[in-house]
Amino acid sequence: LTVLLLIGLFTGFGVIVGTSINEFSEKLPEYQSNLQFKLDELSSESPLPEMGEWFDPGAAMSFAGQVLNELVGVVSNMFLILLTTVFILLEAAGVPAKLRAAFPGDGDPLMKASAVGRSVQAYLGVKTLMSLATGVCVTLWVSYLGLSHAILWGLIACLLNYVPSIG
């Protein structure tokens, strides 16, 4: 039941992310033209007329498209990780017997493994809650500002916060 719930959760998550990425990708030309218009407008009002030459909106939008394509790859990898987790969970029932067979004279190796598992689980629980809170806050803030694709920006913030060296 838990595995089916996780699969449903990840599938729904993938559908939301995929839809948001597709919509964002379809609007990239519109964003590029809006950005070019704003740059032209700023250049005409600026004492530095070459300001528009410093920044290439096409390159920026191309970069944004590449980042989104990479995000699709990340979601695909998450699905593979989910499948691996499902197989690990299916094998979990036999782990205590395997640990006792592997370490016959070492008291109860299951207690040591359980202590390590509880510590890792506590860390991941706190990290997940903080990342989700960050994602929700970013989503609400982006929505409040009136920007499009608030869920996508919240998701990106959540994922980047989850990875300690990036977020």
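**Helix packing around α5**

Helix α5 (residues 109-145) packs against α6 at an angle of about 150°, with 7 Å between the two axes. Axes here are lines fitted to C-alpha atoms, for helices over the stretch in contact, and angles run from 0 to 180 degrees between N-to-C directions. The angle makes α5 roughly antiparallel to α6; angles under 35 degrees count as roughly parallel, over 145 as roughly antiparallel, 65 to 115 as roughly perpendicular and the rest as oblique. The crossing of α5 past α6 is right-handed, the near helix being turned clockwise from the far one by less than a right angle.

The model is predicted; local features need pLDDT of at least 70, side-chain atom pairs count only at pLDDT 80 or more, and totals for chains, interfaces and linings use all residues. Residues are numbered from 1 along each chain as its sequence is written, and side-chain values use heavy atoms, with hydrogens and water left out.

The chain contains six helices and zero strands. Its order along the sequence is α-α-α-α-α-α. Helices (H or I, at least four residues) and strands (E, at least two) are DSSP runs, numbered from the N terminus. Of the 167 residues, 20% are buried; buried means under 20% relative accessible area, exposed over 50%, and partly exposed in between (1.4 Å probe, protein chains only). Contact means heavy atoms within 4.5 Å. Among contacts between residues at least 6 apart in sequence, 58% join residues at least 24 apart.

On the α5 side, the residues that meet α6 include Leu124, Thr128, Ser131, Gly135 and Val142. Their partners in α6 include Ile151, Trp153, Ala157 and Asn161. By class, the contact of α5 with α6 has 11 nonpolar, eight polar and one charged residues. Ala, Val, Leu, Ile, Met, Phe, Trp, Tyr, Cys and Pro count as nonpolar, Asp, Glu, Lys and Arg as charged, and the others, Gly among them, as polar.

Asparagine 161 lies in helix α6 (residues 150-162). This asparagine is buried, because its relative accessible area is 19%. The side chains of asparagine 161 and serine 131 are joined by a polar contact of 3.3 Å. A polar contact is a pair of N or O atoms within 3.5 Å; within protein, one must be able to donate a hydrogen and the other to accept it, and residues adjacent in sequence count only if both atoms are side-chain atoms. Threonine 128 belongs to helix α5. At a relative accessible area of 27%, threonine 128 is partly exposed.

Histidine 149 lies in the loop between α5 and α6. Its phi is near 60°, a positive value in a residue other than glycine. Most residues other than glycine have a negative phi. Histidine 149 is buried, with a relative accessible area of 10%. Not counting residues up to four places away in sequence, histidine 149 touches Ser20, Glu23, Phe24, Lys27 and Tyr31.

Helix α5 also meets helix α4 (residues 95-102); their axes come within 9 Å and cross at roughly 125°. The two helices are therefore oblique to each other. Pro96, Leu99 and Arg100 of α4 contact Pro109, Leu110 and Ala113 of α5. The residues of this contact divide into five nonpolar, no polar and one charged.
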